[in-house]
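Please read it alongside the sequence and the model.

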Amino acid sequence: MRVPTLDVHSPLDGRLVGRPLAATDEDAAGAVRTAREAQPGWAATPAADRGAALRAAARAVRDAADDLAAAVQAETGRPFGSAREGVLAGASTLEQYAELGPVHRGRSLLGGHDATDLMVPGPRGVVVALTPWNDPVAVACGLLGAALVTGNAVVHKPSERCPHTGALLAELMVQHFPPGVLQGLTGAGELGAALAASPDVDVVAHVGGTATGRSIAAACAATGAKALLENGGNDPLVVDADVDPAWAAAQAALGGFTNAGQLCTSVERVFVHQDVAEAFLEALCDEARRWNADPQPLVDRAHRDHVHAHVAEAVADGARALVGGEVPDGDGAFYPATVLAGCTPGMRVMREETFGPVVPVRVVPSFEQGLAEACADEHGLAATVLTGSMANAQRAWRALPVGTVKVNAVFGGAPGGAAQPRGASGTGFGYGPELLDEMTAVKVVHLGQAQLRD
């Protein structure tokens, strides 16, 4: 019988990185059973001890930062330095939840004088965590940390595009928890579907594409599990008439080209006021050429085909590729930073998440129209507005139907923030202290006095 494997090729040069074994549906069912058996004992473990275990796991991740970053680079093409930053961010997240978990609390209620009334949070049970490839350690650590520290048992399946990274992360963390409390499984989408459909799973936490998120939501509707979803986004950038167009172009490039556009909150579409459009496009082209001097590959050629299909279709429909827009020769999965002008709302590159180094630009006659078109989308992950007008900034952040609004910076924000995506982009808090609430369920307890026998 042929043993299923995952063939992983380097996006840098196409060489074979490895062929890890893929778990079967039977493996998935066994992992869920093991988690179910281990979870009550872990839930009964004092919260401070659960935090200490998570803190030890964080140290192991931090100590292995170079090895994890090398695995991320080999499998996804992310530059080593950037990959290492993601690993260290993941370790920091584990440390944060190690501190937050033991102080996560309910509250007392004001009932009768002769009784005690409480609202007490407790673990939901078994959590399946399905995590992406674009920032695999940082994202996984958030979900794993919050689930474990609150007393849940976790089965983790990383993306099939970074199985070695996921396996190494599991190896580093598993040893710090009782057997069965944390398990890692390697496999493709079919494995994730089997885990999500298990009737013995209480939470399915997913970060990834919208289509997969919708299938998980359907599976959870059938089993009664809680779906915690951060799906894809189609994040707009609105550029007002009063800002420096060169600065705005640098912001657009940073948001659109960082990590080759493979971030959940990448800039996916730009609406620029006609008064600054010409200077903005000229500066944006200069920015794209600078980014192309040190290119980063996409995760694989299949994803490159997806990105280029969006670009080619837009050009066929009348858009102009001012920079980039062509598949380069040579090995690997490289695609140039691309600037598209003359884009219209009906183009797929404006309606769907491209998830590549492509910035499609639409010129609008007013800030109001740009804001209206930015709002007219089924996704609701994040958005950015560049404006010197406080009135326009206020109008924008209130109107945009997204979980995160950034004014005058495509990246940034205070630590601990937690947003709820809207629409096709998912549901539930994915970060911050509020993620502890997502991983727990509250029980109301009324302690009255018994009437004793004489």
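In which strand is Gly 380 found? Gly 380 sits in strand E15, residues 379-380. The model is a predicted one.

**Gly 380**

- Gly 380 has a relative accessible area of 0% and is therefore buried.
- Between Gly 380 and Thr 404 there are 24 residues in sequence, while the C-alpha to C-alpha separation is 8.5 Å.
- Apart from neighbours within four places in sequence, the contacts of Gly 380 are Pro 401, Val 402, Gly 403, Pro 421, Arg 422 and Ser 425.

**Helix H4**

- Helix H4 covers residues 80-100, and its 21 residues should span 30 Å at 1.5 Å a residue; the C-alpha atoms at its ends are 30 Å apart, in agreement with that value.
- Buried residues in H4 are Ala 83, Gly 86, Val 87, Gly 90, Ala 91, Thr 93, Leu 94, Tyr 97 and Ala 98.
- These residues lie on the same side of H4, because the arc they cover around the axis is only 150°.
- In an α-helix there are 3.6 residues a turn, so residues three or four places apart point the same way.
- Packed against the buried residues of H4 are helix H2 (47-63), helix H3 (65-76), helix H5 (136-149), helix H6 (163-174) and helix H15 (434-438).

**Helix H13**

- In helix H13, residues 367-375, the buried residues are Phe 367, Gly 370, Leu 371, Glu 373 and Ala 374.
- Their arc around the axis is only 165°, so they are on the same side of H13.
- The elements covering the buried residues of H13 include strands E10 (236-239), E11 (269-273), E14 (358-364) and E16 (382-386), together with helix H14 (390-399).

- The description of two packed helices uses the angle between their axes and the distance between the axes.
- For H2 and H4, the axes come within 8 Å and the crossing angle is roughly 170°. An angle over 145 degrees counts as roughly antiparallel, and H2 and H4 are therefore roughly antiparallel to each other.
- H2 and H4 cross in a left-handed sense. On the H2 side the contact involves Gly 51, Leu 54, Arg 55, Ala 57, Ala 58, Val 61 and Arg 62; on the H4 side it involves Val 87, Leu 88, Ala 91, Ser 92, Leu 94, Glu 95, Tyr 97, Ala 98 and Glu 99.
- For H2 and H5, the axes come within 10 Å and cross at roughly 165°, which makes H2 roughly antiparallel to H5.
- The crossing of H2 and H5 is right-handed. Arg 50, Gly 51, Leu 54 and Val 61 of H2 make this contact with Val 137, Gly 145, Leu 148 and Val 149 of H5.
- For H2 and H6, the axes come within 8 Å and cross at roughly 135°. H2 and H6 are therefore oblique to each other.
- H2 crosses H6 in a right-handed manner. The residues in contact are Ala 57, Ala 60 and Val 61 of H2 and Leu 169, Leu 172 and Met 173 of H6.

**His 303**

- His 303 belongs to helix H11, residues 301-316.
- With a relative accessibility of 7%, His 303 counts as buried, the cut-off being under 20%.
- Not counting residues up to four places away in sequence, His 303 touches Trp 133, Arg 161, Gln 262, Leu 298, Thr 354 and Phe 355.

**Asn 259 and Ala 260**

- Most residues other than glycine have a negative phi.
- Asn 259 has a positive phi, near 55°. Ala 260 likewise has a positive phi, near 55°.
- Asn 259 lies in the loop between helix H9 (245-257) and E11, and Ala 260 is in the loop between H9 and E11.
- Asn 259 is buried, at a relative accessible area of 7%. Ala 260 is buried, at a relative accessible area of 3%.

Conventions. Residues are numbered from 1 along each chain as its sequence is written. This is a predicted model: local features need pLDDT of at least 70, side-chain atom pairs count only at pLDDT 80 or more; totals for chains, interfaces and linings use all residues. Side-chain values use heavy atoms; hydrogens and water are left out. Helices (H or I, at least four residues) and strands (E, at least two) are DSSP runs, numbered from the N terminus. The expected span of a helix is 1.5 Å times one less than its number of residues. Buried means under 20% relative accessible area, exposed over 50%, partly exposed in between (1.4 Å probe, protein chains only). The arc is that of the directions from the helix axis to the C-beta atoms. Contact means heavy atoms within 4.5 Å. Axes are lines fitted to C-alpha atoms, for helices over the stretch in contact, and angles run from 0 to 180 degrees between N-to-C directions. Angles under 35 degrees count as roughly parallel, over 145 as roughly antiparallel, 65 to 115 as roughly perpendicular and the rest as oblique. A crossing is left-handed if the near helix is turned anticlockwise from the far one by less than a right angle, and right-handed if clockwise.
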